[in-house]
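Reader: I am new to this structure. Could you take me through its sheet?

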Amino acid sequence: MRFLATGLCVLMLGAAALTAEPVSLTFVAASGYVIGRGDFKVAIDGLTTLETPAATQAMMEAAQPRALMSAASAPFDIDLILVTHSDSDHFDASVISSNMTANLQAVLIGPANVVRAVLAQAPTLDPARLIVVHPGLYSPQTVEAAGLSIDVFSFPLPGPENVGYRFRVGDLAFADPGDLNFDTIAMDFARTGWTETPPDVLILPYFLFNAEYRTVIPTCPARLYVPTHAQLGSLALACETARGVTDRVLCFSRSLEEQAIPPLSD
Ligand SMILES: [Zn+2]
């Protein structure tokens with residue numbers, strides 16, 4: 001009985017420790033982040049190294065993330081690779097195919113052209129590891145992968161198919177719309193329900209002026225905003241812009257910088 005009680009106690013402590021395990025974010029480059037909780041990692045547009053301004057490029061060359069990505073070395077020993085769309089600041093088929101070849105646990109989710117491009121580079125990848133998504137404007141999809149339930153939304157652009165993702169890691173709901181169409185930002189956020197039920201952490205692109213932040217932040221009161229799409233300006237500028245609208249911003253200053261998500265208030 002005593003043994004059982006001790007065992008239960010250890011189990012409960014273990015569960016508590018698991019719940020309390022912190023969630024971290026690592027900025028990669030351009031529009032990419034890796035979300036981590038212990039050994040579990042989700043990359044969102046996080047396997048690309050292209051199209052960066054000189055300052056970011058220099059940081060990246062110093063950090064050499066491309067070699068780490070291809071070899072699936074930390075922080076790119078990833079369980080789930082989410083791609084919003086095929087633009088080169090979000091996606092690199094050859095890097096992803098190398099990563100998935102070196103890292104047999106990684107599952108890829110993306111629009112059809114993304115998955116096709118990766119498969120063209122690595123035709124022997126197990127199809128079970130490649131998930132094509134194509135949500136309708138008013139019909140989001142839910143996909144189960146890597147132990148997560150991921151909601152996928154359409155955020156149409158003039159360019160290639162662009163999807164947004166919403167999912168939980170630990171206690172936190174993350175959302176990332178990919179790129180945004182200036183003309184339909186408010187409508188798109190309302191249509192996806194993100195304004196009604198905002199995520200805890202919203203990864204929000206920055207496009208040289210702060211229309212996205214001014215439009216989105218008052219209507220989608222997330223508990224924390226993470227600027228992304230830094231390649232068009234600089235990460236510092238994106239951060240400064242976001243901080244002009246809200247103080248709930250998590251800013252990064254270099255490639256492969258990792259930060260724990262701070263305790264969030266309402
Ligand atoms: Zn982009």
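Predicted model: local features only at pLDDT ≥ 70, side-chain atom pairs only at ≥ 80, totals over all residues.

Reader: How many strands form the open sheet, and in what order?
Author: The open sheet has 7 strands in the order β6-β5-β4-β3-β2-β1-β13, with mixed pairing. Strands (E, at least two residues) and helices (H or I, at least four) are DSSP runs, numbered from the N terminus. Two strands pair if DSSP finds at least two bridges between them.

Reader: Which strands stand at the edges?
Author: β6 (130-132) and β13 do; each has a single partner strand, so one side of each lacks a neighbour in the sheet.

Reader: Is β1 mostly covered or open?
Author: Strand β1 (residues 24-29) is mostly covered, with 5 of its 6 residues buried. A residue is buried if 20 or more other C-beta atoms, placed from the backbone, lie within 10 Å of its own.

Reader: What joins β1 to β2?
Author: β1 and β2 (residues 32-37) run antiparallel and are joined by 5 bridges. Phe27 stands opposite Tyr33 in β2. Their hairpin has 2 residues between the strands, and Ala30 takes a positive phi near 50° there.

Reader: And how many bridges link β1 and β13?
Author: β1 pairs with β13 (residues 258-260) over 3 bridges, in the antiparallel sense. Thr26 has Glu258 as its bridge partner in β13, and Leu25 stands opposite Gln259.

Technical notes:
Residues numbered from 1 in each chain as written. Buried ≥ 20, exposed ≤ 12 C-beta atoms within 10 Å, placed from the backbone.
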